[in-house]
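Subject: Handing over the structure

Hi,

Here is the structure I promised to pass on to you. Please open it first, and then read my notes alongside it.

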Amino acid sequence: MLVSRHHIILSSLLLTTTLISGEILNRGWWNHTVFYQIYPRSFMDTDNDGVGDLKGITNNLEHFVTSGVGAIWLSPINRSPMVDFGYDISDFKDIDKTFGNLADFERLLARAKILGLKVILDLVPNHTSDEHYWFQQSINRIGKYKDYYIWKDGENGNFFSPPNNWLSVFGGSAWTYNSIRKQWYLHQFHEKQPDLNYAHPDVQEEMREIILFWLRKGVDGFRVDAVPHLFETNYTLDEPESGIEGATKTDYNFLNHILTTDQPQTYNLVQSWRDILDEYAHRYNTSEKVMMTEAYTTLNNTIKYYNYGSHIPFNFNFITTATHTSDAAAFKNIIENWMKAIPEGKVANWVMGNHDRSRIASRYPGRADQMTMLAMILPGVAVTYYGEEIGMVDNMDISWEKTKDPQGCKAGKGKYQSRSRDPARTPFQWNYLLNAGFSNAKETWLPIHENYLYINLNVEKYEPIEKSHYKVYCALTALRNTSEALKFGSLTTDVVNKTVLYVLRKTKEEAVTLLINFSDQDKQEVDLTRVLAGFKNGVVKVASVNSQLAQNQTFELKNITVPAKVSIVLHTFFSNASAEYVASLQTILLSLSFLIIMLYK
Ligand code: NOJ
């Protein structure tokens, strides 16, 4: 065969382009996935120091497979002095020795890959630890590091007062004076977490390198921390007071954070990180790399992240807007507002808890299953915080002396209980053995909740009890992973009998209906014949642990009893018989009207 020179050049050009820029594979793998947040310090301890580690996670990856989880997100594992338990990073490209080392992480990744689990890392771009090399150089104004952080002179004679009234999220001034550099540096969180200066191109470049470093290791994406805090403006101005009742002068919510959060440049920066993920996946022909963003802000500002690269701008409304006193109508609004707000073609997500907030079982006493059901039945991504699958509750018995969280410590002895995040971070309860099976250490870093004897994975999974939070969780993920209606079905939400919220997911052939009775006293009889016309009787797929309903119990759609405080998930299919019946009725009516018309003529 004769091959022209031209032909060869063209083919090699094509080959090079294919090698350099392949396809992003498996786009959208994440859009119906259950993401599970692991707080590594509290998951499983294998070296008996009382703190969880990477080996502990690797040894237990099967837990996620059997629980129907598709991706795990690890709170920070990088080298850190642990002032904010990993959110103060002193080396972004290494693993903290508490958790193991890079080889341990590589083993974790390899095992996860075998099991088909995706691994997401926490990316903490807003700040570093004050022990980070960059900060140490910056203090001494060395080379390019000089402006890596936000340094300003103080007001009224530098040393005496900070540049302005800005407050840190953890309380107190957001400025700390450094006596070597003789300037104040900004820290929107702890004083040992200086804010990086994103106006500096080299800082942006450093973060790019960090992202690439972990992508090369094979991670599947990032959860990006504290996004609204990335930029500030007008460093000489004060922020106005919020007027929030009860807020003292040092409380973060004493001010309206108009200069320190949600600045317009934030969005392009987020987009630039998404571009890195896409370019990488494209270039190396990998699965799509996913970006989740953490932003406590208004609905509009959160939604905007969808248009600037975030696949999953965390939807915190079940944490921040709903409370245990919200009724069915309030829940319906929260769901509909989010669904209306998200741009066409984007994927919804539902976050129920995390390491910064009280656990769902504590926030919604006796209603934890209802929240898990919502996360699993609503369309899109469901995010689970470790321990939610077994109904762990906050450990409120942590004394002031044992409090570790800087936010709690800064609040002081009188107020620490309302500010500390420790209660939601206690070790995972595996079984009823020593330290709930978490560790063989004498003491664990945070005390185990004393309810571990009956709230633990082992009991909930293996004991011959009919219902447990874990069984509810698994039944939900199993349904979610097999039901077409949950994957692709339409969504309808409504309130019936004033106290029952229904969430209906439906295709032509299949319907999954979640019914939540918000009344604590009265049972309700619900009639779904109108919304599910033509469908067969409903089968109870999942019922909350506080109900007497048995799995697979059948209900006539006309008459579904939902006991007080109970939530149930019904599964039903379109009935061909009733379809045929409706069709033949239609034919009869049509022929009759035809006959009448003929007779009339
Ligand atoms: C948000 C994290 O979720 C929180 O735990 C941390 O304290 C702050 N960002 C600071 O990194």
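Below is what I found in it, from the whole chain down to single residues.

First, the ground rules. This is a predicted model, in which local features need pLDDT of at least 70 and side-chain atom pairs count only at pLDDT 80 or more, while totals for chains, interfaces and linings use all residues. Residues are numbered from 1 along each chain as its sequence is written, and side-chain values use heavy atoms, with hydrogens and water left out.

**The chain as a whole**

The secondary structure comes to 18 helices and 21 strands. Both are DSSP runs numbered from the N terminus: helices are H or I with at least four residues, strands are E with at least two. The chain is as compact as a globular protein of its length, because its radius of gyration of 27 Å is close to the 25 Å that the globule rule gives for 601 residues. That radius is taken over C-alpha atoms, and the rule is 2.2 Å times the number of residues to the power 0.38. Along the principal axes, the C-alpha atoms fill a box of roughly 100 × 85 × 50 Å.

Of the 601 residues, 56% count as buried. Here buried means under 20% relative accessible area, exposed means over 50%, and partly exposed is in between, with a 1.4 Å probe and protein chains only. The chain exposes about 26200 Å², and carbon and sulfur atoms supply 54% of that area. Accessible areas come from the Shrake-Rupley method with a 1.4 Å probe; for residues, only the protein chains shown count as cover.

Contact means heavy atoms within 4.5 Å. Among contacts between residues at least 6 apart in sequence, 68% join residues at least 24 apart.

As for charge, the mean positions of the 59 positive and 66 negative charges are 4 Å apart. Lys and Arg count as positive and Asp and Glu as negative, with His and the chain ends not counted; each charge is placed at NZ of Lys, CZ of Arg, CG of Asp or CD of Glu.

The structure holds zero disulfides, a disulfide being a pair of cysteine sulfur atoms within 2.5 Å.

**Some buried residues**

Arg-223 lies in strand β9 (residues 221-224) and counts as buried at 1% relative accessibility. Leaving out residues up to four places away in sequence, Arg-223 touches Trp-73, Tyr-87, Ile-120, Leu-121, Asp-122, Leu-123, Met-292, Glu-294, Phe-314 and His-355. Arg-223 and Ser-75 are 148 residues apart in sequence, with their C-alpha atoms 8.6 Å apart in space.

Ala-295 is in the loop between β10 and α8 (299-304), and at 4% relative accessibility it counts as buried. Its C-alpha atom is 7.8 Å from that of Asp-225, 70 residues away along the chain. Beyond its neighbours up to four places away, Ala-295 touches Pro-228, Thr-302, Tyr-305 and Phe-316.

Thr-286 sits in the loop between α7 (265-283) and β10 (290-293) and is buried at 17%. Its contacts, apart from neighbours within four places in sequence, are Glu-23, Ile-24, Leu-25, Tyr-280 and Ala-281.

Ile-89, in the loop between β3 (78-79) and β4 (91-95), is buried at 0% relative accessibility. Its contacts beyond four places in sequence include Val-124, Thr-128, Ser-129 and His-132.

**Some residues at the surface**

Tyr-454 belongs to the loop between α14 (416-419) and α15 (457-462). Tyr-454 is exposed, with a relative accessible area of 56%, and its contacts outside four places in sequence are Val-459 and Glu-460.

In the loop between β14 (490-496) and β15 (500-506) you will find Asn-497, with a phi near 50°, a positive value in a residue other than glycine. Asn-497 is partly exposed at 37%. Lys-498 is placed in the loop between β14 and β15; its phi is near 65°, again positive in a non-glycine residue. Lys-498 counts as exposed, at 76% relative accessibility.

Enjoy exploring it!

Best wishes
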